[in-house]
Structures are given as C-alpha cells and as structure tokens.
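Hi everyone, thanks for coming.

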Amino acid sequence: MIDENLTRIMAIDFGLKRIGIALSDPLKKFASPFTTLPNDDKIFSNLKKIIQEKSVEKIILGLPDKSANEKKSVYKNVFEFKSKLERNFDIEIILWNETHTSRIAEQRIIDSVKSKKKRQDKGLIDMHSAAIILSEYLDSIDN
C-alpha cells in the first residue's frame, strides 16, 4: 500500500516527438522539471517506471488550445494519448489547459540557463512546460 503522504503528482507536456515530465514534491506544493522522454514505442514502459519509482498518484496532462494553429495542433493526439494512459495505468488523469506554457518556459530558460547551446535543447522546454502545467494545477488546489 502506498502512503498517500509520500505520493507525487506528475504533469505531462505531450508532443508528437517528445514528452516533457514534471513532478511535484511529496507535499504537493512545488513542481519541478523532471525529464523529457522520446515519444516512441517505449513511452509507456518509461512512464510506468517513473510512476512506480516516484509513487505517482495522479497525472495532469496538458491540453493545447484547440484553435491554436489547427495544422500543428496536437489537440486530438492528446485525447488519444489520454485514452492510452487510462488503458495502461489505473491512475487519475486530469486534462489541463496548457495555453502559453511553452512561451513561459522559453522565457524561464532564457532567464536561468547561461549556456546558449543548452538553451537550444528543445527537451528543456518540454519539461519546463510540464512544470508550469503542474505549478498551475497545484496552485488551483487546496492542500
């Protein structure tokens, strides 16, 4: 049995190529960028490992604005990914509006990462976007 006081919440910034992951602290007060995973045939085994190792009790899945650039929009793909998460894991999944998180993440990275080469790592943006999604969610709940 998992001690609920030591569980965490995971946020996912879904992308067709990469998936950004952020985790809360056990008190569910703070969100931290955790990692970026390739969106490939190993994604669910990689997520399972994190969920088990970090005692994840809930997933917050970023949902892009449906109207934002329809051609590039991954809106429909997020719902398909959510269904696959539900089939693979017995865990609550909450969709969360992720509008503007990438732009906010880019600015945070510019402000905090000194190396221009490191700032160009798109995976950095993905996991920071996930952290922003998780921060917004954590701010919205009363612990």
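Let's start at strand 1, which a hairpin of four residues connects to strand 2. Helices (H or I, at least four residues) and strands (E, at least two) are DSSP runs here, numbered from the N terminus. A word on ground rules: this is a predicted model, so local features need pLDDT of at least 70 and side-chain atom pairs count only at pLDDT 80 or more, while totals for chains, interfaces and linings use all residues. Residues are numbered from 1 along each chain as its sequence is written, and side-chain values use heavy atoms, with hydrogens and water left out.

Strands 1 and 2 run antiparallel, joined by four bridges; Ala11, for instance, has Ala22 in strand 2 as its bridge partner. With strand 4, strand 1 pairs in the parallel sense, over five bridges, and there Arg8 is partnered by Val56. By pairing I mean that DSSP finds at least two bridges between the strands. Five of the six residues of strand 1 are buried, so the rest of the structure largely encloses this strand. Buried is under 20% relative accessible area, exposed is over 50%, and partly exposed is in between, with a 1.4 Å probe and protein chains only.

Now, which residues have the most contacts inside the largest nonpolar core? They are Met10, Ile12, Leu47, Ile59, Leu61, Phe81 and Leu85, in a core of 23 residues. At least two residues each come from strand 1 (8-13), strand 2 (18-24), helix 1 (43-53), strand 4 (56-63) and helix 2 (75-88), and helix 1 gives the most, with five. Apart from this core lies another, of eleven residues, including Ala22, Ile60, Ile94 and Ile133. A nonpolar core, by the way, is a set of buried Ala, Val, Leu, Ile, Met, Phe, Trp, Tyr and Cys residues joined through side-chain atoms within 4.5 Å.

Strand 4 also holds a lysine, Lys58. Is Lys58 buried or exposed? Lys58 is buried, at 13% relative accessible area. Its side chain makes a polar contact of 2.9 Å with the side chain of Tyr137. Such a contact is a pair of N or O atoms within 3.5 Å; within protein, one must be able to donate a hydrogen and the other to accept it, and residues adjacent in sequence count only if both atoms are side-chain atoms.

On to helix 2. Its buried residues are Val78, Phe81, Lys82 and Leu85. They cover an arc of only 105° around the axis, which puts them on the same side of helix 2; the arc is that of the directions from the helix axis to the C-beta atoms. The face turned away from the buried side carries the exposed residues Lys76 and Arg87.

Finally, those backbone angles. Most residues other than glycine have a negative phi. Lys28, though not a glycine, has a positive phi of about 60°. Lys28 sits in the loop between strand 2 and strand 3 (31-38) and counts as buried at 10% relative accessibility. Ser55 also has a positive phi, near 50°. This serine is in the loop between helix 1 and strand 4, and at 22% relative accessibility Ser55 is partly exposed. That's my tour, and I'm happy to take questions!
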